[in-house]
Amino acid sequence: MSVTGLAILYVIIWWIVFFSILPIDVDRNKPIEVEGEDSGSPQNPKMLKKFFLCTLITSVIFGILYVLMRFEYLNLRNMIS
């Protein structure tokens with residue numbers, strides 16, 4: 001697989017993992033401080049922690065997939081045809 005294909009695969013996996021871990025560790029019980037603010041919005045969503053965790057998980061998954069594709073245990077071209 002080309003470098004472009006690998007980069008696209010990494011980005012797709014990253015976004016799937018990111019949206020999967022986004023609701024984790026969110027405290028939604030807060031008092032309404034500003035008029036019109038949703039009471040269900042998180043006070044501290046801890047986004048930086050989630051970015052790092054997402055990148056770590058994605059790197060592990062990508063590494064496993066890369067090794068499987070490199071040694072042809074997982075050959076996407078043969079799966080299509």
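Predicted model: local features only at pLDDT ≥ 70, side-chain atom pairs only at ≥ 80, totals over all residues.
**Helix packing**

Two packed helices are described by the angle between their axes and the distance between the axes. Here the axes of helix H1, which spans residues 3-21, and helix H2, which spans residues 47-70, come within 8 Å and cross at roughly 135°, and H1 and H2 are therefore oblique to each other. The crossing of H1 and H2 is right-handed, and the residues of the contact between H1 and H2 divide into 18 nonpolar, three polar and one charged.

**The nonpolar core**

The largest nonpolar core has ten residues, namely Leu-6, Ile-13, Trp-14, Val-17, Phe-18, Ile-21, Cys-54, Phe-62, Met-69 and Leu-74. H1 and H2 each supply at least two residues of this core, and its largest share, six residues, comes from H1.

One of the core residues, Val-17, touches Cys-54, Ile-57, Thr-58 and Ile-61 when residues up to four places away in sequence are not counted. Thr-58 is placed in helix H2 and has a relative accessible area of 0%, so it is buried. With residues up to four places away in sequence again not counted, Thr-58 touches Tyr-10, Ile-13, Trp-14 and Val-17.

**Loop residues**

Val-26 lies in the loop between H1 and H2, where, leaving aside its neighbours within four places in sequence, Val-26 is in contact with Pro-42 and Lys-50. The C-alpha atoms of Val-26 and Leu-68, which are 42 residues apart along the chain, are separated by 35 Å.

Most residues other than glycine have a negative phi. Against that background, Lys-46 has a positive phi near 55° without being a glycine, and Glu-72, likewise not a glycine, has a positive phi of about 60°. Lys-46 lies in the loop between H1 and H2, whereas Glu-72 is placed in the loop between H2 and helix H3, residues 76-80.

| Residue | Relative accessible area | Class |
|---|---|---|
| Thr-58 | Thr-58: 0% | Thr-58: buried |
| Lys-46 | Lys-46: 30% | Lys-46: partly exposed |
| Glu-72 | Glu-72: 58% | Glu-72: exposed |

Because exposed means over 50% relative accessible area and buried means under 20%, Glu-72 at 58% is classed as exposed, while Lys-46 at 30% is classed as partly exposed.

Terms used:
Residues numbered from 1 in each chain as written. Heavy atoms only, no water. Axes fitted to C-alpha atoms, helices over the stretch in contact; angles between N-to-C directions. Helix = DSSP H or I, 4+ residues; strand = E, 2+ residues; numbered from the N terminus. Parallel < 35°, antiparallel > 145°, perpendicular 65-115°, else oblique. Left-handed = near helix turned anticlockwise from the far one by under 90°. Nonpolar A, V, L, I, M, F, W, Y, C, P; charged D, E, K, R; others polar. Core = buried A, V, L, I, M, F, W, Y, C linked by side-chain atoms within 4.5 Å. Buried < 20%, exposed > 50% of the residue type's maximum accessible area, 1.4 Å probe, protein only. Contact = heavy atoms within 4.5 Å.
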